[in-house]
Amino acid sequence: MDSTTPRQPGKPVTGAPEGGSGYRIACVALLGAAALVGLYAALTLAGVLENRCWLEATTGRPCIACGCTRDFALLLSGRAPRWNPESGLFFALACAEILWRVVGTAVRRMPRAAIEADVAVHVVLIGWLLSKSLARIAGA
Ligand SMILES: [Zn+2]
């Protein structure tokens, strides 16, 4: 395409692939990270590893995720969470994340709009988690 060719709506300007192998690799890496977190949680619940929260040990205040390991185990066994009031929300988000990463791994070329929505959702979620974490540290 030369500079005089009009751009087709909905087509990338450069002709670059939409969500090619880079996105799939990122999805596989995030699934691997989720598996490692799950393994760590299982080992701490089994008492093989010590489950210490760095923030709580440092500041005396629990972080926003404190209690989630025990609560996720309760939720997976069909019981209600009881250690962190936001565990249910975090569990739903974690399930959605894992499902989306499975889809992202399976789909050969993820549409650009879906990738952009994925990034936008994560920017909002990370900002929300950071603001909650800072509020927790500040004792709010
Ligand atoms: Zn914690």
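**Helix α3 and its neighbours**

Let me start with a contact: Cys 68, Asp 71, Phe 72 and Leu 75 of helix α3 meet Ser 87, Phe 90 and Phe 91 of helix α4, where contact requires C-beta atoms, placed from the backbone, to lie within 7 Å. The residues of this contact divide into five nonpolar, one polar and one charged, with Ala, Val, Leu, Ile, Met, Phe, Trp, Tyr, Cys and Pro counted as nonpolar, Asp, Glu, Lys and Arg as charged, and the others, Gly among them, as polar.

This is a predicted model, in which local features need pLDDT of at least 70 and side-chain atom pairs count only at pLDDT 80 or more, while totals for chains, interfaces and linings use all residues. Residues are numbered from 1 along each chain as its sequence is written. The mean pLDDT, the predictor's confidence in each residue from 0 to 100, is 87 for the chain.

The helices, which are DSSP runs of H or I with at least four residues, numbered from the N terminus, are α3 at residues 68–76 and α4 at residues 87–106, and their axes come within 10 Å and cross at roughly 70°. That makes α3 roughly perpendicular to α4, a term covering angles of 65 to 115 degrees.

Which residues of α3 are buried? They are Cys 68, Thr 69, Asp 71 and Phe 72, buried meaning that 20 or more other C-beta atoms lie within 10 Å of a residue's own. Because they cover an arc of only 165° around the axis, they sit on the same side of α3, and the buried residues pack against α1 (21–45) and α4.

Notes. Axes are lines fitted to C-alpha atoms, for helices over the stretch in contact, and angles run from 0 to 180 degrees between N-to-C directions. Helices (H or I, at least four residues) and strands (E, at least two) are DSSP runs, numbered from the N terminus. Angles under 35 degrees count as roughly parallel, over 145 as roughly antiparallel, 65 to 115 as roughly perpendicular and the rest as oblique. Two residues are in contact if their C-beta atoms, placed from the backbone, lie within 7 Å. A residue is buried if 20 or more other C-beta atoms lie within 10 Å of its own, exposed if 12 or fewer, and partly exposed in between; C-beta atoms are placed from the backbone. The arc is that of the directions from the helix axis to the C-beta atoms.
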